[in-house]
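Please look over the sequence and the structure, then read the points below.

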Amino acid sequence: MKNWKIYMYLLFTYILMHVGSVFLTQGLFENFPWNEQYTEQDMKYRASSWSLFTVNSIAAIIFLLIILKKKKFFQVFGGKKSSIGNSVLWGFIGFFLALGGQMLAGAIEIAIGIEPGSDNTAILSDIAKVSPIIIISIVLFAPFLEEIIFRRVIFGGIYQKTNFWIAAIVSALVFAAVHNEFEHLLIYMMPAFVFSYLYYRTKRILTPMIAHLLMNGFVVVLNLNIEKLQQLQEDLKQAIIFFMH
């Protein structure tokens, strides 16, 4: 099977997954057994969470079936691939690079007058508090599916026809646009650049997947514990004031 056909199948599956989740969410919301302890908003969140988990699971299986038919699918770059150990190490390093890049992007956005905070992240965090099954989609499925699409298909496909910089910029722009928060374009592009670099450096898609997984996991943990962290910050502030007096 030619690469362009595989690209089309994967892209079609990815798009169908997102479209299907909208209809499935509505269907689940209308047919979920109602529970008095949940508000209507909570039920919508539960429907959305299970819908995303379901379509992600199906898409992941389809991705694997398509990819396994093409043994040389991940042979994008010339030269020898990094060892598994080195690739995993760079995955962890990449997490900190992506986090640093996102912090830099956030500082730039604040400097030019863009308010900090992501509506997508806030909504996903609210959903996770009601229906934790969505955490699997955010931390496991998203890094797998998105790295296949944005790094292997888009970045890898363009790289084979052009060069690193053109491929990285285009894939980062598409990655940012898909998240539908155009005011935070830079916030999404910075990690995408890092993920492309990790893939290019180690020649293994495993590396950006690890960095992406750690990034998403960090954001989930941070947002689920934001109130505790704010309270801890306030307690430390009070303690400092007390000892200073």
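Lys-44 is partly exposed, with a relative accessible area of 38%. The model shown here is predicted. The protein chain has nine helices and zero strands, and buried residues make up 41% of its 245 residues.

**Overall build**

- Read from the N terminus, the elements of the protein chain run α-α-α-α-α-α-α-α-α.
- Among contacts between residues at least 6 apart in sequence, 77% join residues at least 24 apart.

**Salt bridges**

- The count of salt bridges comes to two.
- One of them joins Lys-44 to Glu-40, with the closest N and O atoms 3.8 Å apart.
- Lys-44 and Glu-40 are four residues apart in helix H2 (residues 40-68), so about one helical turn separates them.
- Glu-40 is partly exposed at 47% relative accessibility, and Lys-44 is partly exposed at 38%.
- A salt bridge also links the side chains of Arg-151 and Glu-147, at 2.8 Å from N to O.
- Arg-151 and Glu-147 are four residues apart in helix H5, and therefore about one helical turn lies between them.
- Arg-151 and Glu-147 are both buried.
- In general, an α-helix has 3.6 residues a turn, so residues three or four places apart point the same way.

- Helix H5 covers residues 134-159 and has 26 residues.
- The end C-alpha atoms of H5 are only 33 Å apart, short of the 38 Å that a straight helix would reach at 1.5 Å a residue.
- H5 has a kink of about 45° at Phe-141, shortly before the proline Pro-143.
- H5 is mostly covered, with 21 of its 26 residues buried.

**H5 against H8**

- H5 and H8 pack at an angle of about 145°, and their axes are 9 Å apart.
- The crossing of H5 and H8 is right-handed.
- On the H5 side, the residues making the contact include Ile-135, Ile-138, Pro-143, Phe-144, Glu-147 and Arg-151.
- On the H8 side, they include Pro-208, Met-209, His-212, Asn-216, Val-220 and Leu-224.

**Helix H3 and Gly-94**

- Helix H3 (residues 84-111) has 28 residues, which should span 40 Å at 1.5 Å a residue; its end C-alpha atoms are 40 Å apart, in agreement with that value.
- Buried residues of H3 include Trp-90, Gly-91, Gly-94, Phe-95, Ala-98 and Glu-109.
- The buried residues of H3 pack against helix H7 (185-202) and helix H8 (206-224).
- Gly-94 lies in H3 and is buried, with a relative accessible area of 0%.
- Not counting residues up to four places away in sequence, Gly-94 touches Val-194, Leu-198 and Ala-211.
- Gly-94 and Leu-214 are 120 residues apart along the chain, and their C-alpha atoms are separated by 9.2 Å.
- After H3 comes Gly-113, which has a positive phi near 95°.

**Ser-125 in helix H4**

- Ser-125 is found in helix H4 (residues 119-130).
- Ser-125 has a relative accessible area of 10% and is buried.
- Leaving aside neighbours within four places in sequence, Ser-125 is in contact with Asn-223 and Leu-224.

**Loop residues with positive phi**

- Asn-180 is a residue other than glycine, yet its phi is positive, near 60°.
- Asn-180 is found in the loop between helix H6 (164-178) and H7, and counts as exposed at 58% relative accessibility.
- Lys-203 is not a glycine either, and has a positive phi of about 65°.
- Lys-203 sits in the loop between H7 and H8, and is buried with a relative accessible area of 18%.

Key: Residues numbered from 1 in each chain as written. Predicted model: local features only at pLDDT ≥ 70, side-chain atom pairs only at ≥ 80, totals over all residues. Heavy atoms only, no water. Helix = DSSP H or I, 4+ residues; strand = E, 2+ residues; numbered from the N terminus. Expected span 1.5 Å × (residues − 1). Bend = angle between axes of the 7 residues up to and from the residue. Buried < 20%, exposed > 50% of the residue type's maximum accessible area, 1.4 Å probe, protein only. Salt bridge = Lys/Arg side-chain N within 4 Å of Asp/Glu carboxyl O. Contact = heavy atoms within 4.5 Å. Axes fitted to C-alpha atoms, helices over the stretch in contact; angles between N-to-C directions. Left-handed = near helix turned anticlockwise from the far one by under 90°.
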